[in-house]
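This report describes the chains of one model and how two of them meet. The structure comes first, and the description follows.

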Amino acid sequence: MAEHSHPGPKLYFIIFFTLAFFTCATWAIAFVDLGILNPIVALAIACTKAVLVILFFMHVRYSDTLTKITITCGFFWLLILITLSLSDYLSRTLFTT
Amino acid sequence: MSTSQTTTTEHHPALAHQFDSMAQQQGASTFGMWVFLLTEIMMFGGLFAAYLIYRIKYYDAFVAGSTSISVSWGFANTLVLIASSFTMAMAVWSAHKGKRGPLVGFLIGTMILGAVFLGIKGKEYYDKYDECHIPGHVIGKGFNAWGGCSVNNPGLGNIADEIQQHAREAGVSVPEASAMQTARQTEIFFSFYFLMTGLHAFHMIIGMGLMTWLLLRSRRGDFGPQYYTPIELGGLYWHFVDIVWIYLFPLLYLISRHKGAI
Amino acid sequence: MHFNLPLFPEQASTIAGQVDAFYLFLVLITTFFSLLIALLILFFIIRYRRRPDHEAEQIHGSTLLEIVWTAIPLGITLCIFVWGAVLYYRIENPPTNALEIYGVGKQWMWKFQHPGGQREINTLHVPTGRPVKVTLISQDVIHDFFVPAFRVKQDVLPNRYVYSWFEATKPGSYHLFCSQYCGTNHSAMIGHVIAMKPEDYAEWLASGKAEGSLSSMGEKLFQEFGCTTCHRPDSGARGPNLQGLYGRPVRLSDNRVVVADDNYIRESILNPNAKVVQGFQPIMPTFQGVVSEEGLIQITEYIKHMGTQESEPINNRSTPTQLRDNEVPMIQQELQQGGQPAPSGKKP
Amino acid sequence: MSTATTTITPVMPAKHYLNDNYGIRSWLLTKDHKRIALLYLGSITFFFFMGGLFAALIRLELLTPAGDLFTSDTYNKLFSMHGINMVFFFLVPSIPATLGNFVLPIMLGAKDLAFPKINLLSWYIYIGAAFFSLAVMVSGGVDTGWTFYTPLSSGFLRTHVALMAVGIIFAGFSSIFTGLNFIVTVHRMRAPGLTWGRLPLFVWSNYATSLIMVLATPVLAITLILLAMERTFHIGVFDPRYGGDPVLFQHMFWFYSHPAVYIMILPGMGVISELITCFSRKRVFGYSFVAFSSIAIAVFGFLVWAHHMFVAGISQYSAMVFSLLSMAVAIPSAVKVFNWTATMYKGTVSLETPMLYALGFIGLFTIGGLTGVMLAALGMDVHLHDTYFVIAHFHYVMVGGMVSAYLGGLHFWWPKMTGRMYPEAPAKLAAIITFIGFNLTFFPQFILGYLGMPRRYHAYPEEFQVLNVLSSAGASVLAVAFVLPAIYFLWSLKYGQIAGDNPWKATGLEWQTSSPPPTHNFHEVPVVTAPPYNYGSDQEVTVVH
């Protein structure tokens, strides 16, 4: 893998402040009553922060597709575990015997 | 990258015998680290799946448990960890640019911030110990969600009161019996709280050990623009542990904190 | 050691014949494909054995053949799936007029209770020709109610009721096994299901000493634990009225509608504020550890009979799988009035 | 063979990885993947015979309907030990860690695996975990079965469940490190010219196995950690007395354990692809279909776990979803079996011992696979779950399939590992005895299963005795058949005929180097030009230096 271009400190500063901003945002939003939306918004912010860290701090944006496939596999397999076990838990009331 | 011609560059001392070139070695090591992080994602994932299922099953108890832990310390910890991620990224950058001074400095910065994180975590654990909110009855005086357990602050730790007080703010009155019952069920929330943050703190401690080893090697000057893979791998590990905390903070600390929730 | 070598257990329930037919179909498919592969291999070994003048012909493969032996197995497995699913649906869903018997699995014994109050340990008397629904729960670890002759099996969980049903066809005594490993005497947790002709069963019921039907014992417990202080039919009661509650949909405080089945009653006794009925305060204390499993069963049985005369234990309504048709309009009509909490005491 | 084979008597190379350096340190601190493979071979064989001992004791007890040989506690510990030993310390690591470790880097033309130190660490963790578990077994053992179902394991037993959980977690780490090594090596260290389309199928199946190892094992680790935490701190994750849900344990346990059965069988399939092609002197039929069916098995294997829980109290809806997905996972295995059979069409088949094991594999694995489809059908599973039918099914796949493939692969690569041939006649005899003993042991159990004899029963009703006696008789034959290879393999180390570089005239890079190979596998980096299993061409595969 050739010498991949490296982000400089300026970009790291920007990413750091965005992450800090998102942390404050998630804290502030948690105190506003959005009903069912609350956990969704909290998770969405957490995911964006995670993607920011992965792309820039972990240089995945500049690495080859193999690394990108590996990461997406990781999260996809986690989704398999969650969705298929939820498919059991949430459907227990469908056919009440 | 399948083809690697055996370029007859002078052998860099750090090139392992089974690799043909430094680029191949770095590529293999970074990819190997990512595969390892895959296993970490699945390990924490199993815990998150179990947490999700119990959150659905005992939602009120999770709300009561989450509101009883202090969100400000959690928030502070998140900022500390993001800062440590930043210093770690700067450390990788300076290793890549061959600047030994900043590399050592940023590594020390990362370790300090890591220590601060563990310190705050320790304080939170002590608070839980003091209020007897440690699940099970092996550590401390056993789980007790109805107060009167803390030595230096007897009024603390009564989750049943907190539930009723929280409900009063939301304009709904919750009687004593049901508040007591939800308080007893918060033990499951605290088991997941300690399991998830404990596993995360354990990974932080391993990370600190890793950083000390990298610090020693950097001071010895092992790393330069041609060879800084260990620093990069240490960085990947550290950022991963930070990402785990990024998910832990909202999932554990911010469960329906807003006024309207009962 | 006696030498009769049966290949099938007795077919003693309505479902047994269908399960055996499915089994034969599957065994045929397995033998067909195994023989096909074995004969092909045998033929190739002999026909193309290594000989000095014989040269192997390099064949890369043929996509057509690949498609054929992907599609055909897929087709066969889908048929197997459909047949299996239909059979499973029949095995898992009891008919509504089934005779209700309660079973409690405890480390290394089975305890059964008939509606009339008769109790049995490790034996279960059932009438032939009538569907019997066994409501099962465990007091400690996971057991498994397995009657090979009836081809039924159901894991018995410690934290909720599970159901198994069968309709015995042949009188006789059949094995009852616990087939989920449950500790030291797992292999001793066996018993017999004795299927009898209906008249013999009625006679056995009468002869059995029973200090009163399940629901009457349940009523005693209902008074004893002071449930009547809140659950009274009159309008001023602080708890929802339980008359004729069993099997009907109930609207909860968070507007969800759930069917009041066995699990709902059990959960409301052990963990009252999990599902609070709309218009009522969650003031009911938990009875966790106060009421035994048998007690819970008796109270549930009593609640089932509350809506009707106590005189004879009629065959109660088993849980319908959907909302009853006459219920739905009533609830929709309530919805139009807006969801503000109804004044306390109103019957849901 | 049309080329004139000048019969030169093969001679052992002067310098190779075995006599490169001597002494205990050279073995215990080796970073050479070949020596680590032999270290694994020794430890795997030891734990295989440990598991076999427990199996023999179980079969002895089951000779009589009454439980009169052991107390039921001891019997429960026996079948738990048999399960744990065989699954975690033999089946999961065996082919990847022994044959895979030895042959995969050479097949790829690499000097060694990507991370030799991690490879050695993997062996140390394995040996540590295995002997730790052995100590736990000796000092009291566990009587939870290898499945550790809660709340029995977490609240109702006084045996060393938490300690055994720790032992198995570390065995999992060892498996993760092997998987990680293989994935990185296959991606990053292939020889020039060795594209994905030219990889031997043994590499493909080990690559798919490594994907499962890396993605599934961590969930087992976290599940066992939760179990150990629940036992020691009485927190309520799985125990309903503290508010937990026991079915959740089964979900998380089987999320690992079903893919784990594919970890066990996939490498065996890789070995069979190598054996069938070599002993039919023919290119494999439908190379890309066999290769991608390995990946398909690895991916689909993750979607089907709840077919172990159809009667465990999961909802009917999810039972039907998992049953449908389980049908889909059977298709790639069927494709593989048909392709192997088609490979033999118009080949020149010779029946050396590895080929006998390979043919045994195809037959027995077909029966094992189809009985698996029977169990995945919902209507059938209600009657057959947790009976001896299930035991017969997974032994047909594990012993009839995996162990035959392991023994076939061991015989096939033995000359490459040691430079000496095993004796052909006793080897063929052992293979045939294994086949007979195996069928006599496990076929009666299918009938026992349908008759309704439950699993893990210390005592059983009278009418099951005849079939149990048959099965125990078969078990004694099988025990003898498994001891024979150990004997003549050791014998061949000293008296075996010198094998030479390519005794089977097989293609594949591992046969282009000397046997036993030098420490760095090749004197020059090989360049691959021909597609895999290039048997037909008149000249041998030329290795361009």
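What percentage of the contacts in chain B between residues at least 6 apart in sequence join residues at least 24 apart? The figure is 69%, where two residues are in contact if their C-beta atoms, placed from the backbone, lie within 7 Å.

## Basis of the report

This is a predicted model, in which local features need pLDDT of at least 70, side-chain atom pairs count only at pLDDT 80 or more, and totals for chains, interfaces and linings use all residues. Residues are numbered from 1 along each chain as its sequence is written, and chains are lettered from A and ligands numbered from 1 in the order in which they are written.

## Chains B and D

Chain B has seven helices and zero strands, and its elements from the N terminus on run α-α-α-α-α-α-α. Helices (H or I, at least four residues) and strands (E, at least two) are DSSP runs, numbered from the N terminus. The C-alpha trace of chain B spans about 80 × 35 × 35 Å along its principal axes. Its radius of gyration is 23 Å, whereas a compact globule of 262 residues would have one near 18 Å. The radius is taken over C-alpha atoms, and the globule rule is 2.2 Å times the number of residues to the power 0.38. Of the 262 residues of chain B, 53% count as buried. A residue is buried if 20 or more other C-beta atoms lie within 10 Å of its own, exposed if 12 or fewer, and partly exposed in between, with C-beta atoms placed from the backbone.

Chain D has 16 helices and zero strands. Its C-alpha trace spans about 75 × 45 × 45 Å along the principal axes. For 545 residues, a compact globule would have a radius of gyration near 24 Å, and the 23 Å of chain D agrees with this. Of the 545 residues of chain D, 68% count as buried. Among contacts in chain D with a separation of 6 or more, 85% are between residues 24 or more positions apart.

## Chain A

Chain A is divided into domain 1 (7–63) and domain 2 (64–97), with bounds that come from an automatic or database domain assignment. The centres of the two domains, taken over C-alpha atoms, are separated by 23 Å.

## Two sheets in chain C

One open sheet of chain C has five strands in the order β3-β2-β1-β5-β8, with mixed pairing. Two strands pair if DSSP finds at least two bridges between them. The edge strands are β3 (119–121) and β8 (162–167) of chain C, each pairing on one side only. From one strand to the next, the twist averages 25°. Strand β2 (residues 109–113) and β3(C) pair in the antiparallel sense over three bridges, and K111(C) has I121(C) as its bridge partner in β3(C). Helix α6(C) lies across β1 (99–106), β2 and β5 of chain C, at about 165° to β1(C). Axes are lines fitted to C-alpha atoms, for helices over the stretch in contact, and angles run from 0 to 180 degrees between N-to-C directions.

The other five-strand open sheet has the order β4-β10-β9-β6-β7 (chain C), again with mixed pairing. β4 and β7 of chain C stand at its edges with a single partner strand each, so one side of each has no neighbour in the sheet. Neighbouring strands are turned by 20° against each other on average, direction ignored. Strand β10 (residues 191–196) runs parallel to β4 (residues 123–127), joined by five bridges, with H192(C) as the bridge partner of T123(C). β10(C) also pairs with β9(C), in the antiparallel sense and over five bridges. In that direction V193(C) is the bridge partner of Y174(C), and L176(C) stands opposite G191(C). In a regular strand the side chains alternate between the two faces of the sheet. In β10(C), the covered face holds G191(C), V193(C) and A195(C), and the uncovered one holds H192(C), I194(C) and M196(C). Helix α3 (residues 198–207) of chain C lies across β4 and β10 of chain C, at about 130° to β4(C).

## Helix α5 of chain C

Helix α5 (residues 262–270) of chain C is mostly covered, with seven of its nine residues buried. These include D262(C), Y264(C), R266(C) and I269(C). Among the elements that cover the buried residues of α5(C) are β5 (131–138), β12 (257–259) and α6 (293–306) of chain C.

## Contact of chains C and D

The contact takes 74 residues from chain C and 78 residues from chain D. On the side of chain C, at least two residues each come from α1 (14–47), α2 (63–92), β6 (143–147), β7 (152–156) and β9 (172–178). The largest share, 17 residues, is that of α2(C). By class, this side has 45 nonpolar, 19 polar and ten charged residues. Here Ala, Val, Leu, Ile, Met, Phe, Trp, Tyr, Cys and Pro count as nonpolar, Asp, Glu, Lys and Arg as charged, and the others, Gly among them, as polar.
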